[in-house]
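Subject: Handover of a structure

Hello,

I am passing a structure on to you. Please open it below and keep it in view while you read the notes that come after it.

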Amino acid sequence: MQIEFEGTYDLTSTLECGQAFRWRRDGDWYSSVIFNNNVKIRRNRKGVEFCSSPDDELALEPLVRGYLRLEDDLDGIYANINRDERIGESIKRFTGMRILRQEPWECLVSFICSANSNIGRISTNVEDISTKFGRAIRVNGDVRHTFPTVDVLAEAGEQPLRDLGLGFRAKYVSATARIIAEGGLDLFALREASYDEALESLVALPGIGDKVANCIMLFSLDKLEAFPVDVWIDRALREWYPAVAEKKLTKKAMRPWAQDYFGRYAGYANQYLFHGRRLQGK
DNA sequence: AGCCAGGCCCTCC
DNA sequence: GGAGGGCCTGGC
């Protein structure tokens with residue numbers, strides 16, 4: 001099915017910049033499991049084309065639109081965050097890269113798994129969790145699995161997750177799943193909550209600190225002002241922003257500084273700086 | 001072999 | 001309140 005839209009979209013950068021962990025590339029097609037469907041997608045002249053299974057594409061289309069954040073006015077956002085030549089360069093280089101609107105629970109677990117890890121390993125962890133605890137979706141001989149529900153992971157407990165190689169993150173995933181399963185937090189409700197409210201709720205969960213909470217808010221809870229500070233952003237800000245270096249801002253102090261500096265779309269600035277700095281390597 | 005990875009948490013000062 | 005060390009595991 002074709003989704004037509006105006007405006008730019010760099011699907012490759014968007015799906016490969018490290019905000020989502022289950023997309024696989026095969027030629028110009030990308031495939032993953034989202035909304036309990038095996039979804040294939042590719043860029044074309046008029047927009048993006050996608051296939052879904054088992055559900056009808058017509059039913060999935062609004063969800064895919066939402067996932068891809070096609071409603072974001074990129075030019076408006078660029079104009080808003082373009083405060084200096086550093087961010088300007090990154091915008092020029094990765095024009096069309098978007099933040100995704102992922103499913104909150106999968107996003108939350110993915111970023112608990114990200115602690116002291118790397119993208120390759122996180123991808124393996126998330127895929128292994130799905131294979132072991134998710135529901136099989138078969139498409140033309142290909143089998144992928146849905147990401148398991150909160151209840152399934154709450155019931156599973158810590159040890160099976162350790163056996164999958166999550167390491168010390170297993171107890172955090174398990175404990176957080178149990179809290180949410182028992183009604184300790186409504187993740188979707190956080191989409192309507194303020195940034196501060198959502199942050200406070202998330203960091204109360206085991207395994208979620210300021211950085212991970214900001215990732216979850218940015219990539220799944222519609223908080224475009226979220227600004228996760230990881231080692232790459234830490235490097236980018238210290239190397240590229242004299243104000244940060246001169247003030248000797250700690251990692252902790254960088255987030256509020258950047259949110260004030262870049263404004264309400266600071267999360268977009270974050271993703272462009274992150275991507276640029278990470279490709280540059282250490 | 002030893003260090004580090006897209007942090008978090010706990011202890012101690 | 002913030003600095004320092006431990007934590008699973010895999011990759012270099």
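The model is predicted, so local features need pLDDT of at least 70 and side-chain atom pairs count only at pLDDT 80 or more, while totals for chains, interfaces and linings use all residues. Residues are numbered from 1 along each chain as its sequence is written, chains are lettered from A and ligands numbered from 1 in the order in which they are written, and side-chain values use heavy atoms, with hydrogens and water left out.

Domains

Chain A is divided into domain 1 (2–71), domain 2 (104–220) and domain 3 (231–278). These bounds come from an automatic or database domain assignment. Between the C-alpha centres of domain 2 and domain 3 there are 26 Å. Seven residues of domain 2 are in contact with five residues of domain 3, where contact means heavy atoms within 4.5 Å.

DNA strand B

A residue is near a strand if one of its heavy atoms lies within 4 Å of it. By that rule, 26 residues surround DNA strand B, and the closest are G18, N118, I119, G207 and G209. Of the atoms of DNA strand B that come within 4 Å of the protein, 60% belong to sugar and phosphate.

Which helix gives the most to this surface? It is α11, with four residues. Both α11 (210–220) and α12 (231–240) supply at least two residues each. Helices (H or I, at least four residues) and strands (E, at least two) are DSSP runs, numbered from the N terminus.

By class, the surface near DNA strand B has 14 nonpolar, seven polar and five charged residues. In this scheme Ala, Val, Leu, Ile, Met, Phe, Trp, Tyr, Cys and Pro count as nonpolar, Asp, Glu, Lys and Arg as charged, and the others, Gly among them, as polar.

Some polar contacts can be listed (pairs of N or O atoms within 3.5 Å; within protein, one must be able to donate a hydrogen and the other to accept it, and residues adjacent in sequence count only if both atoms are side-chain atoms). For DNA strand B they include these:

- A polar backbone atom of S117 is 3.0 Å from a sugar or linking oxygen.
- A polar backbone atom of V212 is 3.0 Å from a phosphate oxygen.
- An N or O atom in the side chain of R235 is 3.5 Å from a phosphate oxygen.

DNA strand C

The residues around DNA strand C are N116, R121, R162, G167, F168, R169 and K171. Sugar and phosphate make up 57% of the atoms of DNA strand C that come within 4 Å of the protein. This surface has one nonpolar, two polar and four charged residues. For F168, a polar backbone atom is 3.2 Å from a sugar or linking oxygen.

Salt bridges

A search of the whole structure finds 15 salt bridges, each being a side-chain nitrogen of Lys or Arg within 4 Å of a carboxyl oxygen of Asp or Glu. For accessibility, buried means under 20% relative accessible area, exposed over 50%, and partly exposed in between (1.4 Å probe, protein chains only).

D28 and R42 form a salt bridge with an N to O distance of 3.6 Å. D28 is in the loop between β2 (24–26) and β3 (29–34), and R42 is in strand β4 (residues 37–44), 14 residues apart. D28 is partly exposed at 46%, and R42 is partly exposed at 23%.

D222 pairs with R101, and their closest N and O atoms are 2.7 Å apart. D222 is in the loop between α11 and α12, and R101 is in the loop between α4 (85–93) and α5 (104–112), 121 residues apart. R101 is buried at 15%, whereas D222 is partly exposed at 29%. R69, E71, D72, R101 and D222 are linked in a network of salt bridges.

R255 and D210 meet at 2.8 Å, N to O. R255 lies in helix α14 (residues 251–262) and D210 in helix α11, so the pair ties together parts that are 45 residues apart in sequence. R255 is buried at 14%, and D210 is partly exposed at 34%.

A loop residue

R264 is in the loop between α14 and α15 (266–280). Is R264 buried or exposed? R264 counts as exposed, because its relative accessibility is 55%. Not counting residues up to four places away in sequence, R264 touches N80, L224 and E225. The C-alpha atoms of R264 and D72 are separated by 13 Å, with the two residues 192 apart along the chain.

Regards
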